[in-house]
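Work through these exercises with the model open beside you. Try each task before you read its solution.

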Amino acid sequence: MLQVGQTAPEFSLLDQHGKPQSLADYAGQTILLYFYPKDDTPGCTKEACTIAEVFNEFENLGVKVFGVSADSVESHKAFAEKYSLPFLLLSDADYSTVKAYGAYKEGDGPEHSPQIARVSYLISPDKIIMRAYPAVDPASHAVEILKDLGWDSNTQQ
């Protein structure tokens, strides 16, 4: 897992629309890059939907949100449409970005399929890791990040 103060690794991945997205494309912006195991599973759906519920607050704070998993572009498109997700989902089928960000873990069980740890990073406008979240609670993570960004839920609509 990356540590606060490290430079965020560059990436270039396809979003749910098949359009390439890279960290360099968003120079000068704060990024929330969150890694999740699989589209349309209970925990991942909960996390995505809670981020979607407060997405306007992320936008108001100038934060660009990306979800990353190894699912296909087509799977991401279906997941985003099913839940009306207002942010981009990035497909990392070869796990290169997942590995670069320390979100890769060896699978257990008979097939030993690779897995993605539920971790998130806040990346500063100059590509430095501002916050690392190694243990994410899907139900409360979005609000936790907003609070870390200085958001006060008592003053928001």
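Contact here means heavy atoms within 4.5 Å. Keep in mind that this is a predicted model.

**Exercise 1. Which residues does H76 touch, not counting residues up to four places away in sequence?**

Step 1. Find H76 in helix α3.
Step 2. Apply the contact cut-off of 4.5 Å between heavy atoms. H76 touches Q16, Y36, D39, S69, D71, L89, L90 and S91, leaving out residues up to four places away in sequence.
Step 3. Check the burial of H76. Buried means under 20% relative accessible area. H76 has 0%, so H76 is buried.

**Exercise 2. Follow strand β8 to its partners on both sides.**

Step 1. Start with β3 (residues 30-35) and β8 (residues 120-123). They run antiparallel and are joined by four bridges. In this pair, Y34 stands opposite S120.
Step 2. Turn to β9. Four bridges join β8 to β9, and these strands are antiparallel. Here Y121 has A132 as its bridge partner.
Step 3. Inspect the hairpin of β8 and β9. Five residues lie between the strands, and K127 takes a positive phi near 70°.

**Exercise 3. Which residues touch the most other members of the largest nonpolar core?**

Step 1. Take the 24 residues of this core. L33, F35, Y101, Y121 and I123 touch the most other members.
Step 2. β3, β4, β5 and β8 each give two or more residues to the core. β3 gives the most, with three.
Step 3. Zoom in on L33. Beyond its neighbours within four places in sequence, L33 is in contact with F11, F66, V68, Y101, V119, S120, Y121 and I123.
Step 4. Search for another core. One lies apart, with 23 residues, including F58, V65, L122 and W151.

**Exercise 4. Is L88 buried or exposed?**

Step 1. Locate L88 in strand β5.
Step 2. Compare its relative accessible area with the limit for buried, under 20%. The value for L88 is 14%, so L88 is buried.
Step 3. List its contacts, leaving aside neighbours within four places in sequence. They are D15, Q16, H17, Q21, Y26, V65, F66 and G67.
Step 4. Pick out G67. L88 and G67 are 21 residues apart in sequence, but their C-alpha atoms are 6.4 Å apart in space.

**Exercise 5. How many disulfides does the model have?**

Step 1. Recall the bond: a disulfide is a covalent bond between the sulfur atoms of two cysteines.
Step 2. Set the cut-off: the two sulfur atoms must lie within 2.5 Å.
Step 3. C49 is in no disulfide.
Step 4. Write down the count: zero disulfides.
Step 5. C44 counts as buried because its relative accessibility is 1%.

Terms used. Residues are numbered from 1 along each chain as its sequence is written. This is a predicted model: local features need pLDDT of at least 70, side-chain atom pairs count only at pLDDT 80 or more; totals for chains, interfaces and linings use all residues. Side-chain values use heavy atoms; hydrogens and water are left out. Two strands pair if DSSP finds at least two bridges between them. A nonpolar core is a set of buried Ala, Val, Leu, Ile, Met, Phe, Trp, Tyr and Cys residues joined through side-chain atoms within 4.5 Å. Buried means under 20% relative accessible area, exposed over 50%, partly exposed in between (1.4 Å probe, protein chains only).
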